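I opened the notebook to record what I looked up, starting with the contact between chains and then going through single elements.

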Amino acid sequence: MSDVYIVGIDMIKFGRFPEQTVPGIAAEAALMALDDCGLSIKDIQALYCGNVGQAAAMSGQRMLAEIGQTGIPVTNVSNACASGATAFRDAWVAVKAGLYDIVLAVGVEQMGKGLLGGQGDGPSAEGLIGSNTMPAMFSHIGIEHARKYGTTFDQFARVSVKNHWHSTFNPKSMYRRETPLQEVMAAEMIAWPNTKLMCSVNVDGSAAAVLVSERRMKQLGLQSRAVKVRASEMSSNPFAERQMAMPDFSGATRVAAKTAYETAGLGPNELDLVELHDCFATAEIVHYENLGLCGDGEAGRLISDGETQLGGRIPVNVSGGLLSKGHPLGATGIANLYEISTHLRGEAGQRQVEGARIGLTHVVGGGPSMGTACSIHVLEKA
Amino acid sequence: MTPTLKSFLKRDEKGEPYLGGSKCTACGHLYVGERSVCANCTARGQIEPHRLAETGKIFVYTIVHRSFPGVATPFIDVIVDLDDGAHIKGTLLGVEPYPEQIPYDLPVRVVFNERAPVNMPDTPHLTYAFEPLVPA
């Protein structure tokens with residue numbers, strides 16, 4: 001089976017674009033990714049489109065109506081916050097299997113402001129039987145870590161300090177403002193221990209990638225900026241003891257991380273940088289351990305010692321992460337791949353991780369009573 | 001009769017409310033609510049109804065300060081390990097909403113009450129909450 005390469009990849013600057021449409025926002029990133037490798041929509045043999053809010057409304061086809069209807073197969077993918085990464089992986093599978101040589105993956109989302117989480121149909125149990133908000137769910141996960149290992153409010157807050165600082169170097173980030181520790185800790189409490197500055201930002205955004213087979217990459221002469229996909233893995237949540245009471249994102253992450261490292265034939269110590277799913281500050285802490293960036297129980301020390309900041313041993317979320325760059329659900333997975341690719345190409349400017357050769361992306365999607373989707377990719381400078 | 005907020009809220013033959021669960025006789029896992037196949041061991045047709053315990057201990061908590069529109073805050077959202085081994089989420093009453101007031105493993109009991117959901121303010125529903133086994 002052929003190795004698969006990213007030859008074109010880009011994202012729009014995340015923001016709020018209520019006057020635009022989902023297909024319109026998607027089209028912007030698609031054209032940017034095509035321009036990044038000098039190809040045309042006429043070269044694309046299949047499209048995979050990740051989106052949550054309009055999952056049932058054929059976002060991919062509507063995007064092609066804006067940039068060129070060539071009759072190619074379109075697969076619309078919805079997998080909560082892992083939708084973009086899932087679309088990318090489906091594109092990868094198709095090239096890997098030899099069905100196509102050039103495919104396009106797009107992730108897009110247009111979001112409102114405010115709390116995410118299911119109220120669902122029927123009588124609301126919110127407040128009466130705990131909370132169904134996303135912050136509450138990820139706060140439970142943080143408190144579980146604190147219970148086991150003594151992780152502190154200060155350590156959770158430092159994740160947010162780091163990612164907001166990183167975002168000051170990223171022109172495509174929604175916010176680009178430093179937030180000192182005292183400001184993060186004194187911000188409005190949303191759900192203990194996550195303050196408002198420790199919650200990801202709801203934004204509109206899109207990102208897209210052109211994936212090609214090795215043969216076509218060489219034919220097209222696109223080696224110089226190509227990025228090799230060393231592993232593309234997915235998982236769902238394996239059974240967890242408390243899963244009906246508190247959704248579990250760690251089990252799925254550990255399953256996908258194990259297979260990703262095996263497939264790539266390397267370990268976490270060989271990574272130069274990581275973009276992981278920091279939907280809340282508490283989530284980043286638990287994923288340090290789930291991804292093997294440190295041993296179990298060491299995540300608090302990792303953030304306190306600055307090992308995951310730009311210039312540290314293993315920089316995490318140098319883009320600013322979901323906390324500051326923003327989290328347009330369907331676009332997030334491909335935006336993470338854009339960030340890693342940009343570093344591997346040596347094109348990340350002020351936030352460049354020097355000499356970056358191998359990077360990992362991680363996203364999880366899910367919610368109360370939903371289950372989990374996890375996707376992990378390992379990328380290497382070609 | 002007052003409607004129930006969740007389908008696993010049941011009433012026995014005397015009309016007493018309880019938390020309905022199910023037990024897999026193959027692996028022993030306890031579930032909140034009814035089901036026919038075990039998600040843990042995949043056994044089929046080996047699930048029997050189980051009346052869940054009404055005491056347990058707090059595993060983790062959060063204090064919710066921002067909720068959906070109209071919901072009174074703050075409130076304490078706890079994950080409780082029931083004494084029979086089941087796990088369930090609920091609101092903790094009778095404790096001040098400060099982290100230092102909520103020790104891990106605090107023994108709690110289930111209390112049943114009737115409350116109106118935020119989106120149906122005129123229709124009380126049977127629901128449940130937790131309170132400390134030993135009042136503060």
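**Chain contact**

I looked up the contact first: chain B gives 35 residues and chain A gives 28 residues. Two residues are in contact if their C-beta atoms, placed from the backbone, lie within 7 Å. On the side of chain B that touches chain A, at least two residues each come from β3 (30-32), β5 (55-64), β6 (75-82), β7 (87-92) and β9 (125-132) of chain B. Helices (H or I, at least four residues) and strands (E, at least two) are DSSP runs, numbered from the N terminus. I sorted that side of chain B by class and found 20 nonpolar, 10 polar and five charged residues. Here Ala, Val, Leu, Ile, Met, Phe, Trp, Tyr, Cys and Pro count as nonpolar, Asp, Glu, Lys and Arg as charged, and the others, Gly among them, as polar.

I note that this is a predicted model, where local features need pLDDT of at least 70 and side-chain atom pairs count only at pLDDT 80 or more, while totals for chains, interfaces and linings use all residues. Residues are numbered from 1 along each chain as its sequence is written, and chains are lettered from A and ligands numbered from 1 in the order in which they are written.

**Chain A overall**

I read 12 helices and 11 strands in chain A. Its radius of gyration is 19 Å, close to the 21 Å that the globule rule gives for 382 residues, so chain A is as compact as a globular protein of that length. The radius is taken over C-alpha atoms, and the rule is 2.2 Å times the number of residues to the power 0.38. The C-alpha atoms of chain A fill a box of roughly 55 × 50 × 40 Å along the principal axes. Of the 382 residues in chain A, 62% are buried. A residue is buried if 20 or more other C-beta atoms, placed from the backbone, lie within 10 Å of its own.

**Strand β2 of chain B**

I checked strand β2 (residues 17-24) of chain B: seven of its eight residues are buried, so the strand is largely enclosed by the rest of the structure. Strands pair if DSSP finds at least two bridges between them. Strand β1 (residues 9-11) of chain B runs antiparallel to β2(B) with three bridges, and B:Lys10 has B:Tyr18 as its bridge partner. Five bridges join β2(B) to the antiparallel strand β4 (residues 47-51) of chain B, where B:Arg51 stands opposite B:Gly20. Three bridges join β2(B) to β3(B), also antiparallel, with B:Val32 as the partner of B:Gly21. In the hairpin of β2(B) and β3(B), five residues lie between the strands, and B:Gly28 in the turn has a positive phi of about 90°.

**Helix α8 of chain A**

I compared lengths for helix α8 (residues 250-264) of chain A: at 1.5 Å a residue its 15 residues should span 21 Å, and its end C-alpha atoms are 21 Å apart, which agrees. The expected span is 1.5 Å times one less than the number of residues. The buried residues of α8(A) include A:Val255 and A:Tyr261. Those buried residues pack against β8 (227-236), α9 (281-290), β10 (358-367) and β11 (371-381) of chain A.

Terms used. Buried ≥ 20, exposed ≤ 12 C-beta atoms within 10 Å, placed from the backbone.
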